[in-house]
Amino acid sequence: MANFYSDIPEIKFELENSPLMPRIVELKERGFADKDQYAEAPQDQADAMDSYDKVLDIVGDITGNVIATNAEEVDAEGPHHENGRVRYASKTYENLEAMNKAGLNGMTMPRRYGGLNLPVTVYTAANEIVSTGDAGFENIWSLQDCIETLYCFGNEEQRQKYIPRVCAGETMSMDLTEPDAGSDLQSVMLKATYDEEAGCWRLNGSKRFITNGDSDIHLVLARSEAGTRDGRGLSMFIYDKRDGGVDVRRIENKLGIHGSPTCELVYKNAKCELCGDRKMGLIKYVMSLMNGARLGIAAQSVGLSQAAWNEALAYARDRKQFGKAIIEFPAVAEMLSNIKARLDAGRALLYQTARYVDIYKALEDIARERKLTPEERQEMKRFTKLADAFTPLAKGMNSEYANQNGYDCIQIHGGSGFMLEYACQRIYRDARITSIYEGTTQLQTVAAIRYVTNGFYASVIEEYAAQPVAPSLEPLKTIVGEMAAKFNACTAAVKAAENQELHDICARHLYEMAADVIMSYLLLQNATRDEALFGRSAQVYIHLVEAEVEKHNLWTSRMNTTLIENYRQA
Amino acid sequence: MNLKIVVLAKQVPDTRNVGPDAMTPEGTVNRSALPAIFNPEDLNALEQALRLKDQNPGSTVIVITMGPGRAAEVIREAMYRGADGGYLLTDRAFAGADTLATSYALATAIKHVMPDADLIIGGRQAIDGDTAQVGPQVAEKLGLNQITYTEEVLSCQEGVITVKRHIDGGVETVESPLPCVLTVNGSAAPCRPRNVRRVMKFKRALCPMELPKDTTWADLPYAQDYENRPYLKLGQLTCADVDADLSQCGLAGSPTKVKNVENIVFKAKESKVLTGSDEDVNGLIQELLASHTIG
């Protein structure tokens, strides 16, 4: 009876050991005002934390005993395309039914709409756990998160119409990508026109690569301003499948996440509702949608890394060569240790990001009800910036780590890993998309680089450096301080060159240096609180990234405007 | 129709993952070494009850379990999944009961808490005793029809229940008028998971037995809850509460006497070691032919 929450003490640690958590609970529960109206609402801090723990225990139970056991079959069967509709793999319905029966929908939504009012941090943990069992199923289930955007920007009528349905288990999708608009969403051409006669908006055109494209409720990015060509002509719409008008033309045949249907959609005069204000679709709403989705992919990636660690460890203990278990060979042990170190470091970054998101989102929500105090406004501003700066780090780094961990997991399995019998090949295939969708790692770098050049990461790093660590970890902290100094020096040098191309080509290196230093400090904090759980990973991780940072240091400091010539391929 | 359903459930040691210290030197189950769980087939039974409740809104599902204070966990677990409430049947006088005394106690309790029950549903058997006797004996004691080895309830309307039951080599479909007793097979639908909202709502539910010594409800944390939310006080019944005849309860009412428990260790009494040589193989074939094992 596996439980993917209680079997993994690191998740519970991340949930319970941050000084930010009491503030999150306080903001989210508004002085525990719901307790008299809703029997399930917590009465105080301890009660809320206990409920979070119990909710995740149920997620862990369902993941261990339903989702993970179905994963292989779902991967093999995949979804079916029938008469313009999607039929999931048969066991996907079993997974969905278990999640619905457990009531695990609308997790972050307020109780008045039928939600569970859980912090983003708890929802993120649930995402991670489900992904460890089956990353493809996690896609379908976690698209419930789109409701957050409808909640933030839709009107009260739309909230009352749609949120309870999502809380009751209806699925969602975000229809953004088109054949000629992938990373460049400004080029979206799906046409939205106002039908004066019927008094509603209509959609015409097509979309591609839409995850869970046959969902019940779609958020659609479409061009409402005829004659425009850029992002300012785009608005966001809600399409309700009950109204009809959108068909699935085909389901993509993919390398991984087979359980998750990726659809090409055709809109034929489909009735829809405008969500929020015209022309704000891309500029404001999709940005918010994407930030939520990026945190989701970061969680999915950590879940995959956990799965890679589980499989690699079990195999290395079990497999014997040359008369002993291969885990005893240093070459294998190093790979294993690095998987665990990247997992723990990436997870620390994930939850730190989730906590930052929680605080600003909760304050933003309070601001809908009353005027914030000047202190609260300051706090919201600060945490919005932290969340914006950390989200691309968490998404980019964890997705790259998931790929590396999946690769190493297969390597540890040797020839057996290349065969399709072991779970490691599914993990490896499923991980591959994480560094691509919701913005490639290259685009995460673009989103993050301004915080490198404007010194924001450096200022956060300085704050982290000021936090005390356990005496036994002081030597490690000194090393991280040196890494930070290298990051600062490289940043200064790249800025001083005042050359955009040099800046762009060095961006990824500076991005990784910042992330390496931040994750090192976060792991040091974890190890200070629980050395038994994180001491080893802190040692291994810092040993690993000290060398990484030096690599980036060398690369960027040697790069110059003459050398760039060699990289021009166009 | 509104159904009234009693689910019989038992807390059992998890005998599916037995370690070396699972048995005491005296040959009894070492309960402290095994985690206490909801008897697996009773979960299948609960699922059948909850499905009937889903199909017949307004129906009531209560759980009755017999055991010490900690067995109240079974009631909470059932409520997390959808049961409306439950009763812990607990008394020193019930201790040491065999299946006859257990079914007497359960039948007496059912008559007391839900005399007009339409259905009484339990698991086929518990994984600690494996007798499969309690369900049928409860039916006999209440004078009701019984359907054992239930695989699935096909329909339940106008006072008639139709059930697919598991039999050797296949299934059969049978009907019975209500009220009746069902025992459910492990191959029936697995029980639904705990519901998060219900867990948050019922997590502080307690039986009076579970209160620490010399404490009252008013002394507990969140005491006002027990005042305002009566469902947090779980039912508890003693021998006297259900007017049970003491001579039919517990050890006194149990004709089954355990004479002796032996550890059985399988040992090869006679064995031969053969090599792969032609001579040994031929010898073995001759021997097996001679004993008519082959040929």
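**Reading two chains through their definitions**

Reader: How many residues lie between the strands of the hairpin that β4(A) and β5(A) form, and which residue in the turn has a positive phi?

Author: The hairpin of β4(A) and β5(A) has 4 residues between its strands, and A:Gly199 in the turn has a positive phi of about 70 degrees. This is a predicted model, in which local features need pLDDT of at least 70 and side-chain atom pairs count only at pLDDT 80 or more, while totals for chains, interfaces and linings use all residues. Residues are numbered from 1 along each chain as its sequence is written, while chains are lettered from A and ligands numbered from 1 in the order in which they are written.

Reader: How do you know that strand β4 (residues 191–195) and strand β5 (residues 200–211) of chain A pair?

Author: Pairing requires that DSSP find at least two bridges between two strands. β4(A) and β5(A) have 5 bridges in the antiparallel sense, so they count as paired. One bridge partner of A:Thr193 in β5(A) is A:Arg202. β5(A) is also joined to strand β9 (residues 262–275) of chain A by 9 antiparallel bridges, where A:Ser206 stands opposite A:Val266.

Reader: What makes β9 and β11 of chain B edge strands?

Author: The open sheet of chain B has 9 strands with mixed pairing, in the order β9-β8-β7-β10-β6-β1-β4-β5-β11. β9 (170–177) and β11 (235–237) each have a single partner strand, so one side of each is without a neighbour in the sheet. Within the sheet, β1 (residues 4–8) and β4 (residues 60–66) of chain B run parallel and are joined by 5 bridges; B:Ile5 has B:Val61 as its bridge partner.

Reader: Which strands does helix α3 of chain B touch?

Author: Helix α3 (residues 99–113) of chain B packs on the sheet, touching β1, β4, β5, β6 (119–123) and β11, and makes about 145 degrees with β4(B). Such angles run from 0 to 180 degrees between N-to-C directions.

Reader: Why is helix α6 (residues 135–142) of chain A called mostly covered?

Author: A residue is buried if 20 or more other C-beta atoms lie within 10 Å of its own, exposed if 12 or fewer, and partly exposed in between. In α6(A), 8 of its 8 residues are buried, A:Phe137 and A:Trp141 among them. The buried residues pack against α3 (45–77), α4 (90–102), α5 (120–133), β5, α9 and α13 (424–432) of chain A.

Reader: Is A:Ile257 buried or exposed, and what is A:Lys279 counted as?

Author: A:Ile257 has 28 other C-beta atoms within 10 Å and is buried. A:Lys279 has 16 C-beta neighbours inside 10 Å and counts as partly exposed. Phi is positive in both, near 30 degrees for A:Ile257 and about 70 degrees for A:Lys279, though neither is a glycine.

Conventions
Helices (H or I, at least four residues) and strands (E, at least two) are DSSP runs, numbered from the N terminus. Two residues are in contact if their C-beta atoms, placed from the backbone, lie within 7 Å.
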